[in-house]
Amino acid sequence: MPDGEVDDLAKSLLGELDARLAVADAALARAYPGDRPGRQPIHTVYVPADRHTAGLVPAYGAAALDLLDEHADRFAAIVRDPDVVARVRAKLAAEPVEDLRVDFEDGYTGRTDAEEDADVVRSATALAESRAKGEAAPFGGIRIKSLEAPTRARSVRTLTSYVSALAGAGMDLGRWVVTLPKVTSVDQVEAMVHACDVLESGLGLAPGALAFEAQIETPQSILGPDGTALVARMVQAAGPRLTGLHYGTYDYSAYCGIAAGQQSLEHPVADHAKLVMQAAAAGTGVRLSDGSTNLLPVGSADDVEAAWANHHRLVRRSLERGFYQGWDLHPGQLPTRYAATYAFYRDGLARATARLADYTRHTMTGIADEPATARALAAFLLRAVDCGAVDETEVADPDLLHTLANP
């Protein structure tokens with residue numbers, strides 16, 4: 001067939017396929033828009049609502065530094081890198097908490113409605129004050145109670161009052177989210193989307209101003225009654241309002257019948273749940289957060305060292321499995337959160353920059369990387385810079401990294 005006829009046939013076929021696949025193309029772009037741009041915090045620090053004060057973030061940093069000073073030799077033995085230790089100290093002094101979640105759920109129990117109403121107003125006022133002083137965490141939010149029937153009324157009242165207080169203070173909600181716990185159905189996710197719509201309209205907020213995270217802490221979220229991965233349907237039902245999926249270590253393990261002594265974010269039931277979450281969120285722009293460890297660095301020096309070593313190991317484990325965020329429950333966990341995260345990125349820095357340089361120069365020195373891997377390498381380096389593990393001067397042109405990570 002002559003070249004001209006080949007071209008005509010190809011163009012004709014392309015037109016037919018474009019028409020045939022138009023609906024599927026649009027659905028794919030809508031469901032899988034790609035990674036969410038911008039910085040992701042490396043952790044979420046949970047604090048009960050009655051303990052939240054305007055000065056909490058610098059106080060947590062000071063407490064973490066005091067503990068580090070008290071057990072400096074033991075910390076150094078765990079970390080085994082003086083540069084990482086120095087970076088951790090600098091981080092604790094400048095930005096000790098990246099994401100603060102004021103908890104009105106499991107960490108806040110036994111309160112009357114009047115007490116919770118008062119804590120909502122006091123906490124929202126404290127947040128606005130800390131923002132004004134430049135002492136707030138760069139990311140923040142609240143965890144409300146579940147939307148299940150027994151706690152729904154209290155959950156809605158707290159959500160409405162808190163958002164109303166922040167709106168009244170004129171606070172920017174761009175890095176502020178609501179954590180929705182114990183999600184058991186797609187209907188609850190759709191109800192949360194509706195709640196955001198209503199609150200934005202009723203409080204004069206811009207459309208899309210409110211975002212939320214779904215906490216995956218029940219097996220019903222992973223495996224629905226029809227045998228499907230319900231979390232995937234939740235992600236699609238929520239649309240762009242859903243920013244993250246957070247794994248709830250202990251509720252999920254308990255629901256699965258795991259004995260208290262074996263409940264852990266590295267138990268096989270946890271790994272299974274998180275693998276399903278990971279597959280459901282891939283390409284959607286919804287970010288993942290691993291759960292917490294309840295072994296806190298308190299007590300004797302031996303107790304602190306054991307808790308630090310355990311936390312340091314578990315944070316590294318999560319990072320290696322693609323969970324770049326986790327929960328922290330105590331200021332003493334901040335040193336090992338940052339130490340493990342910094343070591344992870346610094347250990348991979350030289351190799352990542354070399355591979356990315358080979359890719360951009362179209363050279364091969366032993367590994368033939370594809371565009372998808374180049375995106376992952378660029379994202380790795382951007383995360384490293386965002387959290388303070390790596391200086392911008394140590395990586396390639398940040399603009400190039402952003403282009404490669406978000407083609």
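On one side of helix α4, Pro82, Ala93 and Ala94 are exposed. In this predicted model, the opposite side of α4 presents a different set of residues: Val84, Val85, Arg87, Val88, Lys91 and Leu92 are buried. Seen down the helix axis, these buried residues fall within an arc of 165°, so they line one face of α4. An α-helix has 3.6 residues a turn, so residues three or four places apart point the same way. The cover over the buried residues of α4 includes α2 (56-70), α3 (72-79), α13 (334-361) and α14 (371-387).

The length of α4 was also examined. Helix α4 comprises 13 residues (residues 82-94) and, at 1.5 Å a residue, should span 18 Å; the end C-alpha atoms lie 18 Å apart, in agreement with this expectation. At the start of the helix, the backbone nitrogen of Asp83 has a side-chain oxygen of Asp81 within 3.0 Å.

Elsewhere, eight strands are arranged as an open sheet with parallel pairing, in the order β7-β6-β5-β4-β3-β2-β1-β8. Strands β7 (287-289) and β8 (326-328) form the edges, each pairing on one side only. On average, and with direction ignored, neighbouring strands of the sheet are turned by 30° against each other. Within the sheet, β5 (residues 211-216) and β6 (residues 242-247) are joined in the parallel sense by five bridges; Ile216 has Tyr247 of β6 as its bridge partner. Helix α11 (residues 268-281) packs on the sheet, where it touches β5, β6 and β7, and its direction makes about 165° with that of β6.

Definitions and conventions: Residues numbered from 1 in each chain as written. Predicted model: local features only at pLDDT ≥ 70, side-chain atom pairs only at ≥ 80, totals over all residues. Heavy atoms only, no water. Helix = DSSP H or I, 4+ residues; strand = E, 2+ residues; numbered from the N terminus. Expected span 1.5 Å × (residues − 1). Buried < 20%, exposed > 50% of the residue type's maximum accessible area, 1.4 Å probe, protein only. Arc of directions from axis to C-beta. Contact = heavy atoms within 4.5 Å. Polar contact = N/O pair within 3.5 Å; in protein donor to acceptor, adjacent residues only side chain to side chain. Pairing = 2+ DSSP bridges. Axes fitted to C-alpha atoms, helices over the stretch in contact; angles between N-to-C directions.
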